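Here is a walk through one protein model, contact by contact. Keep the structure open as you read.

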Amino acid sequence: MTSFRKMFTSRALILFAVLALLFATDIGRLFYIQVVKGDEYADKAQSQQLSDTEIEANRGTIYDSEGNILAQSATVWTVFLDPSNITDDNRQTIVDYLAGVFEYDDEQKQELLEKSKADSKYQRVEQNVENRVKEEIAQFVSDNKLSLCIGFEEGTRRYYPYGTLASSVIGFTGADNQGLAGIESYYNEELTGVNGRVITAKDAKSNSISNDYETSYDAQDGYSLTLTINTTIQYYLEKELERTLNEYSAKGCYGVVMDCNTGAVLAMASLPDYDCNDPYEITYDVYKKDLDSIKDETEKSEKQSEYIQRQWRNFIVSDTYVPGSVFKTFMASAVLEEGVATLDTTYTCTGSIKVDKHIMHCHYHAGHGTQNLTQGLENSCNPFFITLGQKLGVHNYYKYFNGFGFTEKTGIDVPGEASPQYYEEDEYGIVELSSASFGQTNSLTPIQVCTGLCAIANGGKLLTPYVVSEITDENGNTVSKTEPNVVRQVISEDTSEKVCKMMQSVVDNGTGKNAYVAGYRVGGKTGTSTKLGESEPGEKDKYIVSFAAIAPADDPQIAMLIICDEPNVDLGGGAICAPIAATVIEESMAELGIEPVYTDEEKKELSVSTPAVIGKSSSEAQNTIKNAGLEVKVVGNGDKVLNQSPAASSTIPSGGTVVIYTDDSDKQTVKVPDFTGLTVAQANRLAASNNINIKISGNTANDALVVAYKQSENAGKEVEIGTVVTVSFKSTQAVLD
């Protein structure tokens, strides 16, 4: 009996120990689950019970100075499948429909079929689906009761209505809607909104249930930007740069136009450029041809990447160049301000000057002879400015070099601004000072040079350039507004006025004649610099040529810098860049509402308004036209005018011809001749022989070197006789100053 009790007790103790161990294990497991891993399992449970969907905020809109949209976000959709709810009965219907909507080939359709069989609840079909297509799919889903099989996620996509226009300023965004270049990058934080959320309860099969269990947090759209860019001025700047880029097969053509009284950038372009909607596409035909000629795929890929980077690069802000003789405007400002020279100071140029052991040449090797200061700038005489620089001295030279902002970045609100490359004051010797005095030695960014030109034009105030004028919230309330910022007074108003008049004389009498615009006093300065070390052995020197301009010179409103990098001909900025400036100035003045003021000579060449003669007798009409100072050509034998060309109130050059029709004869037409390369006299004769009126634009000097380079109607186009064609002329004289 005792042994039985002992055995029972022993077994009971063992059973108790086992039960205690099991109970302790459960307690430990429960502690581990609820305490140690509690947060993790709670998150997992919540993820199974709740659907947390992010609502993407719209990126802020970018406007030009007139309120035109340059960049905006639009709603797009991601279409996805939930394979867990797709059955064999509806699978093929879904695949066939979506493959048709998205125009899939057989391989893509097979991939879609495999996605529909995947062991998951989410398989992406397409991203960036426009709302029209999404609505079509949604209707299909509704009609076929497939809401558990096909779903949609809302997102946004960036659109740029003007494509390439101002692309180097605007930039673009990446797949994640983050700014990658230009204003999109610089102001990314302001443009980016705050995403919203929709939290919805899910059933046991992970499907969303009643809206009673849904919580929403609205997205907050990003701030919008209003730029200082004027789309019209930007268009003409880019159009002329593109024409020049193609005409001279240049490495690049660049330009910037600024309001010289505020620092606002009205236009900025670096060509070749890109389409903001498709920034990885090659746009420049020269690049395309080069890529087509490369057979090795690795080499081709590397070259393509290089060209894409070039198209993205904003040369105006992100690169430096040697400004050449454009810099003489700043030297003239410095010597006048310091009293080292006056407008009456003279110098006799013999074609060269000896500096230490070096001979420095003038671009005109025969020498300019004796000139005053204004004539020295007109002729862009290197020896004259070398002498002025030596008289100014290193200390004063550096004082104004620094004063005009050439030792520091401008602080413009565009990404990637480069630092200038320059000699410090204690690094100058007589040779370095002499070279720097006519624009060599130091490398500056174009935006620095144009900002300095604004200081010359506006009475001597150095301003901070800017591109964004205002930031507003989604309700249109102003968040911040840019006000003009005066960095310092560099020169006096008196010096400013004198240099502006000198620059006007450069256009009227000197190397900048191609920048002439009737009715406006244009000031300018040509420039050329040799790209040292960039030419291969046996190659001719490579040049970068430029033209700086202000207008109107007697009351400056804009400053401009035009640059052509490595043109394929040895022509200076006066021949290549000044014509661009002339067109942009003419269009800018009209856009800004600045009325022309014509000289007596210009008035003689002005266009007149075509008189209205339809309905008048033939004889009366002819007298009316002749009294307006115009010629007349009669077509038909009737007594009454039934039609006329140009139409009434059209502008026609003084002395032009009006064609009148006096019967039902068909309108007579003619093909527009090619005026390219003709002198003014030759173009007039050719136009007259074809019964076409031409309006002369640009450099109209009676010179064999002044020839037509563009026309408003393409050669070969069929037009009615009497049509007015604007023909632009420029001098092709090669001045590498």
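Pro-272 is found in the loop between strand 10 and helix 10. Helices (H or I, at least four residues) and strands (E, at least two) are DSSP runs, numbered from the N terminus. The peptide bond that leads from Leu-271 into Pro-272 is cis, with omega near 5 degrees. Another cis bond runs from Ser-645 to Pro-646, with omega near 0 degrees. Pro-646 belongs to the loop between strand 24 (643-645) and strand 25 (651-653).

A word on the source. This is a predicted model, where local features need pLDDT of at least 70 and side-chain atom pairs count only at pLDDT 80 or more, while totals for chains, interfaces and linings use all residues. Residues are numbered from 1 along each chain as its sequence is written, and side-chain values use heavy atoms, with hydrogens and water left out.

Back to the backbone. Most residues other than glycine have a negative phi, and most peptide bonds are trans. Ala-166 has a positive phi, near 60 degrees, and is not a glycine. Its loop runs between strand 5 (150-159) and helix 6 (167-170). Ala-166 has a relative accessible area of 1%, so it counts as buried. Buried means under 20% relative accessible area, exposed means over 50%, and partly exposed is in between (1.4 Å probe, protein chains only). Asn-691 also has a positive phi, near 55 degrees. Asn-691 sits in the loop between helix 23 (680-689) and strand 28 (693-698). With a relative accessible area of 34%, Asn-691 is partly exposed.

Five strands form an open sheet in the order 10-9-21-20-19, with antiparallel pairing. Strands 10 and 19 are at the edges with a single partner strand each, so one side of each has no neighbour in the sheet. From one strand to the next, the twist averages 10 degrees. That angle is taken between axes, which are lines fitted to C-alpha atoms (for helices over the stretch in contact), and angles run from 0 to 180 degrees between N-to-C directions. Two strands pair if DSSP finds at least two bridges between them. Strand 20 (residues 543-551) and strand 21 (residues 558-565) share 8 bridges in the antiparallel sense. Within this pairing, Ala-548 is opposite Leu-561 in strand 21.

Turn to charges. How many salt bridges does a search of the whole structure find? There are 23. A salt bridge is a side-chain nitrogen of Lys or Arg within 4 Å of a carboxyl oxygen of Asp or Glu. One joins Glu-408 to Arg-488 at 3.1 Å, N to O. This pair links distant parts of the chain, 80 residues apart: Glu-408 is in the loop between helix 15 (382-403) and helix 16 (430-436), and Arg-488 is in strand 18 (residues 486-489). Glu-408 is partly exposed at 35% relative accessibility. Arg-488 is partly exposed at 25%.

Glu-602 and Arg-521 form another salt bridge, with the closest N and O atoms 3.4 Å apart. Glu-602 is in helix 21 (residues 600-604) and Arg-521 in the loop between helix 18 (493-509) and strand 19 (523-530), so the bridge ties together parts 81 residues apart in sequence. Both Glu-602 and Arg-521 are buried. Elsewhere, salt bridges connect Glu-240, Arg-243, Glu-247, Lys-710 and Lys-730 in a network.

Rings come next. The whole structure has 27 aromatic pairs. Rings of Phe, Tyr and Trp (its six-membered ring) pair if their centres lie within 6.5 Å; planes under 30 degrees apart count as stacked, over 60 as edge-to-face and the rest as tilted. Tyr-280 and Trp-312 have ring centres 5.2 Å apart and planes at 80 degrees, so this pair is edge-to-face. Trp-312 is buried, with a relative accessible area of 19%.

Last, the cysteines. The structure holds 0 disulfides. A disulfide is a pair of cysteine sulfur atoms within 2.5 Å. The sulfur of Cys-253 has its closest cysteine sulfur in Cys-564, 3.7 Å away, which is too far for a bond. Cys-253 is buried, at 0% relative accessibility.
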